[in-house]
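Welcome! Please take a look at the sequence and the structure below, and then we can walk through them together.

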Amino acid sequence: MGNDFTRHWSRIETFGGKLVENLIHGISCDILCHAMEQLREMRIVAHIHDELIVECPMNTRVEEVCEKMARVPSWAAGLLLHADGYECKYYRKD
């Protein structure tokens with residue numbers, strides 16, 4: 001059920017691509033939440049889609065944060081996961 005093209009609540013059709021997209025988005029959200037748990041000792045101030053904004057002491061290495069974010073959840077054993085990061089004093093898109 002959902003809003004159709006006339007914005008009325010009704011039964012709508014779907015297709016495999018939409019189901020796969022929703023599945024991938026759900027798994028990605030779970031992986032991002034797992035990364036946030038790994039960084040719980042740091043101050044996460046925001047997250048945008050697939051990135052985190054972390055405030056941490058100046059002596060914290062970016063590689064340390066990326067290593068923690070790239071830890072694979074136990075339920076996703078074998079997943080190839082990598083995290084990139086950069087440091088700056090003000091938020092900017094990389």
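## Getting started

A salt bridge is a side-chain nitrogen of Lys or Arg within 4 Å of a carboxyl oxygen of Asp or Glu. Arg 71 and Glu 67 give us an example, their side chains meeting at 3.2 Å, N to O.

This is a predicted model, where local features need pLDDT of at least 70, side-chain atom pairs count only at pLDDT 80 or more, and totals for chains, interfaces and linings use all residues. Residues are numbered from 1 along each chain as its sequence is written, and side-chain values use heavy atoms, leaving out hydrogens and water.

## How confident is the prediction?

The score to know here is pLDDT, the predictor's confidence in each residue, from 0 to 100. For this protein the mean is 91, and 100% of the residues reach 70 or more. Confidence is highest in helix 2, at 95, and lowest in strand 1 (residues 2-3), at a mean of 88. Helices (H or I, at least four residues) and strands (E, at least two) are DSSP runs, numbered from the N terminus. As a rule, coordinates predicted with low pLDDT should not be read in detail.

## The nonpolar core

Buried means under 20% relative accessible area, exposed means over 50%, and partly exposed is in between (1.4 Å probe, protein chains only). A nonpolar core is a set of buried Ala, Val, Leu, Ile, Met, Phe, Trp, Tyr and Cys residues joined through side-chain atoms within 4.5 Å.

The largest nonpolar core has ten residues: Leu 32, Ala 35, Leu 39, Met 42, Leu 52, Val 62, Val 65, Cys 66, Met 69 and Ala 83. Helix 1 (16-38) and helix 2 (62-69) are the elements that give two or more residues to this core. Which helix gives the most? Helix 2 does, with four residues. Now pick out Met 69: residues up to four places away in sequence aside, Met 69 touches Ala 35, Leu 39, Leu 52, Leu 81 and Ala 83. Contact here means heavy atoms within 4.5 Å.

## Along helix 1

Is Leu 23 buried or exposed? Leu 23, found in helix 1, counts as exposed because its relative accessibility is 52%. Together with Ile 27 and Trp 75, Leu 23 makes a nonpolar surface patch of about 320 Å². Patches are made of residues with over 30% relative accessible area and no salt bridge: like charges are joined within 9 Å, and nonpolar side chains (Val, Leu, Ile, Met, Phe, Trp, Tyr) within 5 Å. The areas come from the Shrake-Rupley method with a 1.4 Å probe, and for residues only the protein chains shown count as cover.

His 34 is also found in helix 1, and its 15% relative accessibility is why His 34 counts as buried. Leaving aside neighbours within four places in sequence, His 34 is in contact with Arg 71, Val 72 and Pro 73. Glu 37, another residue of helix 1, counts as partly exposed at 45% relative accessibility.

## Salt bridges

How many salt bridges does a search of the whole structure find? The search finds five. In one of them, Lys 68 pairs with Glu 41, the closest N and O atoms being 2.4 Å apart. This pair links distant parts of the chain, 27 residues apart: Lys 68 is in helix 2, and Glu 41 is in the loop between helix 1 and strand 3. Lys 68 counts as buried because its relative accessibility is 13%. Glu 41, Glu 64 and Lys 68 are linked in a network of salt bridges.

Glu 55 and Arg 43 form another salt bridge, with the closest N and O atoms 2.4 Å apart. Here strand 4 (Glu 55) is linked to strand 3 (Arg 43), the two residues being twelve places apart.

## Two positive phi angles

Most residues other than glycine have a negative phi. Arg 7, however, has a positive phi near 70°. Arg 7 is found in the loop between strand 1 and strand 2 (9-10), and is exposed, with a relative accessible area of 74%. His 49 has a positive phi too, near 50°. His 49 lies in the loop between strand 3 (43-48) and strand 4 (51-55), and is exposed at 66% relative accessible area.
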